[in-house]
Amino acid sequence: MQDLDFLEKEVVARVSKKRARHVMGVKEELTYLCQAFELSQKDTNGMLAAALLHDITKEDDMALQLETVRAHGLVPSEDDVKSVYTFHALSGYVLCRDQYKLDSDFALAVLHHSTGGEDLSLFDKLLYVADYIEEGRGYPDCMKMRNFVHQGIDNADNFKERLEILDQAVYNIADNTVKFLVERDMYLHPNTPLMRDYYKPHGKGRL
């Protein structure tokens, strides 16, 4: 089990106040989602640790992040390096894995929280969605998605229905992200359109 109080102090000491507010918002949102999906105490602890650490390198400059990743034995791909805005998922992942000793399932959720990928685990999806819909995200698309997720989950009768809501959210968030980056001529990591297309069958219920 992770010492969440210790991790919170680590994060608050390292990131800006604005980033810390976002991190705590993701932790709060994940608390709700973990309860909704009936995660065990151990898994909830791991997910909350991932929430606290998911942006721990977000404000590090790219040179430091590259140094961190390479020092931990990973060779980033060309796509990873070009996707500057999401590279913190990779640098954060190696710290979660090696420095903070998160179990692999939770460290991988940190790895996947920005670009996503195909066939995500439940843990991956929970962090990916929580990062987008936490209460501090005041953007209209984020607020709309938050309402969709909360209303859908609160009204669902069983785990399968809750999972369908989560998969619809993953599709919609990926679709929104692809459109946002393309419209602004920003580099789009290929994992994100792959994720959107993988979860597209769930887009039938898109808002």
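This is a predicted model: local features need pLDDT of at least 70, side-chain atom pairs count only at pLDDT 80 or more; totals for chains, interfaces and linings use all residues.
Colleague: Which residue forms an aromatic pair with Phe-159, and at what angle between the planes?

Modeller: For the angle, planes over 60 degrees apart count as edge-to-face. The structure has three aromatic pairs. In one of them, Phe-159 pairs with Phe-37, with 90° between the planes and 5.6 Å centre to centre, so the pair is edge-to-face.

Colleague: Where in the chain do Phe-37 and Phe-159 lie?

Modeller: Phe-37 is in the loop between helix H2 (17–36) and helix H3 (41–53), while Phe-159 belongs to helix H10 (residues 159–183). They are 122 residues apart, and their pair links distant parts of the chain. Phe-37 is buried, because its relative accessible area is 3%.

Colleague: What kind of aromatic pair do Phe-106 and Phe-123 form?

Modeller: That one is tilted, with 35° between the planes and 5.0 Å centre to centre. Phe-106 sits in helix H7 (residues 104–111) and Phe-123 in helix H8 (residues 122–133), 17 residues apart. With a relative accessibility of 4%, Phe-106 is buried; Phe-123 is buried too, at 12%.

Colleague: Which ring does the charged end of Lys-58 sit over?

Modeller: Here you look for a charge placed over a ring. The charged end of Lys-58 lies over the ring of Tyr-85, at 3.7 Å from the ring centre.

Conventions: Residues are numbered from 1 along each chain as its sequence is written. Side-chain values use heavy atoms; hydrogens and water are left out. Rings of Phe, Tyr and Trp (its six-membered ring) pair if their centres lie within 6.5 Å; planes under 30 degrees apart count as stacked, over 60 as edge-to-face and the rest as tilted. Helices (H or I, at least four residues) and strands (E, at least two) are DSSP runs, numbered from the N terminus. Buried means under 20% relative accessible area, exposed over 50%, partly exposed in between (1.4 Å probe, protein chains only). A charge sits over a ring if NZ of Lys or CZ of Arg is within 6 Å of the ring centre and within 35 degrees of the ring normal.
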